[in-house]
Amino acid sequence: MSCQRPMLGVIADDFTGATDIASMLVNHGMRTIQTIGIPDQNDPLIAQADAVVVALKSRTIPAAQAIGQSLAALKALQDLGCQQFFFKYCSTFDSTAEGNIGPVAEALAAALGQAVTIAAPSLPVNGRTVYNGHLFVGHALLSDSGMQNHPLTPMTDANLVRWLQAQSRGRVGLVDLAAVRAGDQTIRACFDKARADDTSLLIIDAISDADLLAIGHACRDHVLVTGGSGVAMGLPDNFRTLSVLAGAGAAALPTIKGKSVVLAGSGSLMTNKQVATWNAASRPSYRINVLDLASGKPVIDEAINFFDAHAEQAVLIYATCPAEELKRIQATLGVHKAGEMVEHALGDIARRLLERGVTHFVVAGGETSGAVVQALDVKGLLIGRPIAPGVPATVSLGAKPIALALKSGNFGDADFFTKALNAFEENYDA
Ligand code: ADP
């Protein structure tokens, strides 16, 4: 591997998972860009990054489509000059008997000529560990953790060798913790043995960050690695020995001047708390009345007028409401219709605020973030320091950069909105 940038190309199967691994790489010294879909080959910032993370939305789409999108992302990352590739999925191994972890991993391995590929979902810092091939969430087996009831990817078996085998064509094996703890030579001997046995995918045990670092090091010449964000912590060191990474400067972001807004579309407990904390401090906020919105009242215009009247301060515009009220609204309008309508409204508001000179956006809610990023036509993000675990400060790519903090509903603590706005005010280059 040479020191041409970018070096590491990541294909992530969802948006927040992409941010998660991007943040992990930044924290370990790689300057990282996250793109929404296929990266623009001509973006000068991409050519300066150590790692590029492509955010797909391929976790639960049909396997053939997930393969197609992942191979297209791989091609784009190869064209950028990346030399090692990472397929990122959730640390709870979210998938079904049809896929998409096995089919996508096998398609990428075939395209890259990688005979034996590891599958390492462990993320000990979040309580996800793999022991004897079984995935634990905290003290519970995955299949007793609540994930067995997931609406789209119910994880009813914690035995990942069996689970991955069901969705793979090739043979699936295990590298157990004893081998991982025995160190580099033994781990690599397991890879050789798998190759001789015609085993192509290897679930690999890891219960600590030290295990993940050892695995990352043992995979230094693997052109494809797959896993959660945890095992990615071992990869930057492999490049550091070959070239100069951004290191401490990896998280630097340009300072963006302009007005600020917080848009909240999550119904989660934590976002409710964050809205309550904002309102308790008597900061300006506009509450979207969803039933008025549904009946055609000019709610979006009102929100914009409210912003204009308070634009010298940061303003919160929110649809967030307590669970009982949300249920009532959903019962009246339908869950799906209500959700889409609110996402659409917040997207419209974001676009109109951008035209008014807003360049700092704090967004609460995973789907809401997707809608806002789309409405603002954001194609990619430069990833900065974490504001809260899993939520980095970011700046968009392109000629008119904006500062964004995009969080899933339950992330951050009660004063996250203020923390995020303060992070935007700091001189990131410092
Ligand atoms: P989270 O990260 O907490 O899951 P999301 O943004 O992903 O948040 O999902 C929240 C969903 O709830 C979105 O589709 C949003 O549009 C919808 N929503 C938010 N507020 C309301 C409301 N008051 N009434 C109905 N739906 C709402």
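**Reading a pocket and a ligand shell**

Me: The second largest pocket takes at least three lining residues from each of domain 1 (8-250) and domain 2 (252-424). Where do such domain bounds come from?

Reply: They come from an automatic or database domain assignment. This is a predicted model, where local features need pLDDT of at least 70, side-chain atom pairs count only at pLDDT 80 or more, and totals for chains, interfaces and linings use all residues. Residues are numbered from 1 along each chain as its sequence is written, and side-chain values use heavy atoms, without hydrogens and water.

Me: How much space lies in the second largest pocket?

Reply: About 360 Å³. Its lining has 22 residues; Asp-377, Ser-396, Leu-397, Gly-398 and Lys-400 are the closest to the pocket centre. By class, the lining has eleven nonpolar, six polar and five charged residues.

Me: What lies 2.6 Å from an oxygen atom of the ligand?

Reply: A polar contact is a pair of N or O atoms within 3.5 Å. At 2.6 Å from a ligand oxygen is a side-chain N or O atom of Thr-368. For Ser-266, a side-chain N or O atom is 2.7 Å from a ligand oxygen. Gly-339 has a polar backbone atom 2.8 Å from a ligand oxygen.

Conventions:
On a 1 Å grid over the protein atoms alone, a cavity is a set of points where a 1.4 Å probe fits but cannot get out, and a pocket is an open set with protein on both sides within 12 Å along at least five of seven lines; lining residues have an atom within 4 Å of a point. Grid points are joined across faces, edges and corners, and a volume is the space filled by probe spheres set on the points. Ala, Val, Leu, Ile, Met, Phe, Trp, Tyr, Cys and Pro count as nonpolar, Asp, Glu, Lys and Arg as charged, and the others, Gly among them, as polar. A polar contact is a pair of N or O atoms within 3.5 Å; within protein, one must be able to donate a hydrogen and the other to accept it, and residues adjacent in sequence count only if both atoms are side-chain atoms.
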